[in-house]
Amino acid sequence: MVENLITKPICLVAPTYVLGGKSVKETKEKYHLPYAHRMLANENPLGISPKAAEAIARAAAEGGSVYPDTNSTELRTKLAGMLDFAAYGMGIENLNVTAGAEHALNMIMEIFLKEGDEVLISAPSYSGYNRTIARAGGVKKTIPFLADGHCDFDGLLAAITDQTKIVILCNPNNPTGCFEKKEKVQEFVKRFPKDKILIVDEAYIHFAPGGMEQSVYTEVCEDVNLIVTHTFSKIYGMAGIRVGYIISNREISGYLRNYGGVRLSNVQQAAALAALDDQEFYDRTLAVTVEGRDYLIRELRALGYSPYESAANFVFCDLHMDKAYLDEAFMRRGILIRTNLEYPRISVGTMEQNRLFIEALKEIREEKNKDAVHREGA
Ligand SMILES: Cc1ncc(COP(=O)(O)O)c(C=O)c1O
């Protein structure tokens, strides 16, 4: 019995959701299907950047037996160059790499939160925040989005109290897909109290109109406690490799580095470096995502639904059916979507997957209607 030796209360609470969710293999076996499509975790439907995949094999063969560069200097230098840090008075010291954005968020919470500190977030937002805040002993407080789906910036500022330590802005927001333009976030940053931490989680920024041009990392400077997080999991298709990074002012960056949370493997570093060189894959992912997102929204509207406008690689939509029923009905048809949120969330797939989803939805609706008619007649 070690329970009485546990010091972190979160260890006594089992996670309610396994990140990544339902598996293709299990679904195929359970429903005797030749295929199953993951449209549930906002992954890249084209897979991983081929250049990154090649680099991984090479790095494993050539660098698998030697310790990696603890500082990921080459990767940080490349990122700083691509993001034109010099133009904003920044350098590689403003960058920390992490094993995905989730790890970035965990590190930030661990460093800044003590038991009972509050973290303010718009709702609904990324469910991963719940555990990351709870792990560090923090308490989540939420402010609803405005009726038009946009962020209530005034509401967030008004809700900040002495207990508030961190505010998180997820932009574009998961799961709604709602996007706040850079000017609006810049204004929020200007009005944000200097003695609190503002995290802008830009996991999906590449898919928003304007892409990286819309990122607010350009606002990072010494007198603002702004922390911007990015990931290689989405546009670069590297969710399984685990690479992300944090952009913050030199002071915060230094504390993050002292905390020493991560040493990316040679494989992770090589994959990220190669992915950054794969512009063709980046462009193709963006094109497939935008085409698929437009298609899903258009088709859902044609069926009478009101999906949220999305600037990300997923669509959030009330399908007006029981979520457990929908989950099973889609799985039977080899389609895995996220159903344990306020509404179903469908990750944009390839056009073939998107069409399969819409066809499956039509079938499910018919099945439901037949059931209803049958019951009325009985
Ligand atoms: C808003 C948001 N932030 C962070 C993450 C974590 O991403 P990563 O795979 O880099 O850990 C996700 C993952 O889906 C996300 O949706």
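These legends describe close-up views of a predicted model.

**View 1. The shell around the ligand.** The ligand is surrounded by 14 residues. The closest are Gly100, Ala101, Glu102, Thr231 and Ser233. Sorted by class, the shell holds seven polar, five nonpolar and two charged residues.

**View 2. Helix α9 and its cover.** Helix α9 spans residues 266-276. The helix is mostly covered, with nine of its 11 residues buried. The buried residues include Val267, Gln268 and Gln269. Leu273 is buried too.

**View 3. The packing partners of α9.** Which helices do the buried residues of α9 pack against? They pack against α2 (50-63) and α3 (73-82).

**View 4. How α2 and α9 cross.** Two packed helices are described by the angle between their axes and the distance between the axes. For α2 and α9, the angle is about 150 degrees. Their axes lie 8 Å apart. Because angles over 145 degrees count as roughly antiparallel, α2 is roughly antiparallel to α9. The crossing of the two helices, α2 and α9, is right-handed.

**View 5. Residues where α2 meets α9.** From α2, the contact includes Lys51, Ala52, Glu54, Ala55 and Ile56. Arg58, Ala59, Ala60 and Gly63 of α2 also take part. On the α9 side are Asn266, Val267, Ala270, Ala271, Leu273, Ala274 and Ala275. By class, this contact of α2 with α9 has 11 nonpolar, two polar and three charged residues.

Definitions and conventions. Residues are numbered from 1 along each chain as its sequence is written. This is a predicted model: local features need pLDDT of at least 70, side-chain atom pairs count only at pLDDT 80 or more; totals for chains, interfaces and linings use all residues. A residue is near a molecule or strand if its C-beta atom, placed from the backbone, lies within 6 Å of it. Ala, Val, Leu, Ile, Met, Phe, Trp, Tyr, Cys and Pro count as nonpolar, Asp, Glu, Lys and Arg as charged, and the others, Gly among them, as polar. A residue is buried if 20 or more other C-beta atoms lie within 10 Å of its own, exposed if 12 or fewer, and partly exposed in between; C-beta atoms are placed from the backbone. Helices (H or I, at least four residues) and strands (E, at least two) are DSSP runs, numbered from the N terminus. Two residues are in contact if their C-beta atoms, placed from the backbone, lie within 7 Å. Axes are lines fitted to C-alpha atoms, for helices over the stretch in contact, and angles run from 0 to 180 degrees between N-to-C directions. Angles under 35 degrees count as roughly parallel, over 145 as roughly antiparallel, 65 to 115 as roughly perpendicular and the rest as oblique. A crossing is left-handed if the near helix is turned anticlockwise from the far one by less than a right angle, and right-handed if clockwise.
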